[in-house]
Amino acid sequence: MAASLRSIVNASRSPFVRAGVASARFSSTAPKQSTLKERLAELIPVEMENVKRVRVQHGKKAFGPVQVDQLYGGMRGLPALIWDGSVLDAEEGIRFRGKSIPECQELLPKAPGGSEPLPEALFWLLVTGEIPTQEQVAGLSRDWAARAAIPEFVEEILDRCPPTLHPMSQFSLAVTALNHDSAFAKAYQDGVSKKEYWGPTFEDAMDLIAKLPNIAGRIYRNVFGDGKLPAIDPRRDYSHNLATLLGFGDDEAFVELLRLYLTIHSDHEGGNVSAHAGKLVGSALSDPFLAFGASLNGLAGPLHGLANQEVLIWLRKMQEKIGENASDEAVREYVWSTLKNGQVVPGYGHAVLRKTDPRYTAQREFALKHLPDSPLFKLVAQVYNIVPNILLEAGKAKNPWPNVDAHSGVLLSHYGLTQMQFYTVLFGVSRAFGVAAQLIWDRALGAPLERPKSYSSAAIEKMFRDRA
């Protein structure tokens with residue numbers, strides 16, 4: 001099944017396989033300096049015809065057999081969702097609309113003087129499949145800045161939260177409360193046509209992304225600071241404003257890190273918990289605020305969004321035990337002791353990937369450029385050279401290579417953002433880009449309510465007993 005899926009993914013990149021329609025959908029630049037909504041309106045009828053063509057040609061074909069173990073095993077590897085923004089290949093890693101992370105780093109517009117892609121550009125790519133111009137990205141930055149204010153009652157909700165309430169709980173609470181002003185909820189109540197669902201969904205998605213920095217910044221300042229929040233600067237890009245709200249806007253290296261972080265964490269196809277939760281709830285025609293609230297609640301789980309914290313804790317414990325600049329042998333012994341105590345090496349292995357996560361590589365390259373002498377980065381690099389061979393020897397992982405979480409916490413802590421409870425909030429800000437883009441397309445294409453079939457263990461036994 002994996003080989004057939006990979007062939008489908010590879011075929012979808014070919015200009016010969018998707019001639020005509022593909023050139024309209026995935027050209028390198030938009031044909032004119034249109035806004036994102038204007039360009040989307042042009043692309044929707046083209047994509048509707050493309051989906052019709054795919055379903056006519058392939059609708060009755062099967063991906064392959066479904067095994068009982070897949071039902072018990074978290075549906076791993078079970079083809080079940082349409083997700084347009086990205087596809088994850090076990091060997092290559094994530095591709096955003098067919099483009100690898102290195103290609104995105106090269107092609108997407110950057111801030112003046114910066115070297116990392118702007119998340120605004122990545123969102124444009126996720127929505128349209130096209131590389132935007134610098135002017136289009138600047139327009140998107142201005143649009144989000146203009147939408148950034150959050151309602152006073154949401155500010156009051158956050159200010160009344162006790163600092164002991166986890167930042168992710170506060171984040172989910174505030175995002176859900178934004179439903180009060182949902183354009184989609186109002187339009188649906190007013191009887192909007194199904195063909196027009198995408199318009200108010202787009203407006204909600206834009207409002208959602210735009211307001212997240214103010215929400216995240218308010219949570220951070222209330223829990224870890226003095227509660228005073230600076231204003232959004234309409235002349236600055238999204239990442240710079242977020243960094244400023246967190247208190248790090250004067251550190252250009254941190255701003256660059258945030259641009260990279262938001263870009264590479266934005267989307268990881270549709271099967272992960274946060275993405276799938278958002279798509280599932282959105283399929284009930286819940287507005288993007290309610291849908292993304294579900295995403296955040298999934299992201300808050302320790303098996304999804306807390307992994308980079310676990311990596312940082314593990315690395316610091318190692319440093320405390322064996323000291324800085326420890327020998328390879330000392331690191332090797334500590335790794336073995338972790339495994340022998342029945343624990344996993346955090347940040348290594350992935351449910352799909354079978355190579356080093358390209359998101360890890362992008363962060364490693366950032367560290368080599370900006371903090372090559374950091375003792376903790378040196379330890380991360382040392383672990384990278386040691387752990388895979390140990391995991392292979394121990395037979396503990398199908399994929400012994402590092403994933404994105406093996407590096408992100410180290411980078412954030414280097415610049416002074418040491419409050420690990422807040423890390424998942426940043427993850428949530430970035431994940432909004434991918435979820436929001438897919439919600440827009442789901443409504444534009446009339447995606448139905450999700451309703452997969454479930455079975456009990458007794459039903460499975462009876463099914464195969466009756467077939468015997």
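Residues are classed here as buried when the relative accessible area is under 20%, as exposed when it is over 50%, and as partly exposed in between (1.4 Å probe, protein chains only). The structure is a predicted model, in which local features need pLDDT of at least 70 and side-chain atom pairs count only at pLDDT 80 or more, while totals for chains, interfaces and linings use all residues. Residues are numbered from 1 along each chain as its sequence is written, and side-chain values use heavy atoms, with hydrogens and water left out.

Leu-71 is partly exposed, its relative accessible area being 38%. This residue lies in helix α4 (residues 68-72); helices are DSSP runs of H or I with at least four residues, numbered from the N terminus. Together with Val-66, Tyr-72 and Tyr-455, Leu-71 makes a nonpolar surface patch of about 420 Å². Such patches consist of residues with over 30% relative accessible area and no salt bridge, nonpolar side chains (Val, Leu, Ile, Met, Phe, Trp, Tyr) being joined within 5 Å. Accessible areas come from the Shrake-Rupley method with a 1.4 Å probe.

Salt bridges, defined by a side-chain nitrogen of Lys or Arg within 4 Å of a carboxyl oxygen of Asp or Glu, number 21 in the model. Lys-37, Asp-143, Arg-147, Glu-203 and Asp-207 are linked in a network of these pairs. Asp-143 is partly exposed at 27% relative accessible area, whereas Arg-147 is buried at 16%. Arg-147 also pairs with Glu-203, with the closest N and O atoms 2.8 Å apart. This second pair links distant parts of the chain, since Arg-147 is in helix α7 and Glu-203 is in helix α11 (residues 198-224), 56 residues apart. Glu-203 is partly exposed, with a relative accessible area of 21%.

Helix α13 (residues 252-264) and helix α18 (residues 358-370) have axes that come within 10 Å and cross at roughly 170 degrees. Axes are lines fitted to C-alpha atoms over the stretch in contact, and angles run from 0 to 180 degrees between N-to-C directions. The helix α13 is therefore roughly antiparallel to α18, a term applied to angles over 145 degrees. Ala-253, Glu-256, Leu-257, Leu-260 and Ile-264 of α13 meet Arg-359, Ala-362, Gln-363, Phe-366 and His-370 of α18, contact being heavy atoms within 4.5 Å.

Terms used
Patch = residues over 30% accessible without salt bridge, like charges linked within 9 Å, V, L, I, M, F, W, Y side chains within 5 Å. Helix = DSSP H or I, 4+ residues; strand = E, 2+ residues; numbered from the N terminus. Parallel < 35°, antiparallel > 145°, perpendicular 65-115°, else oblique.
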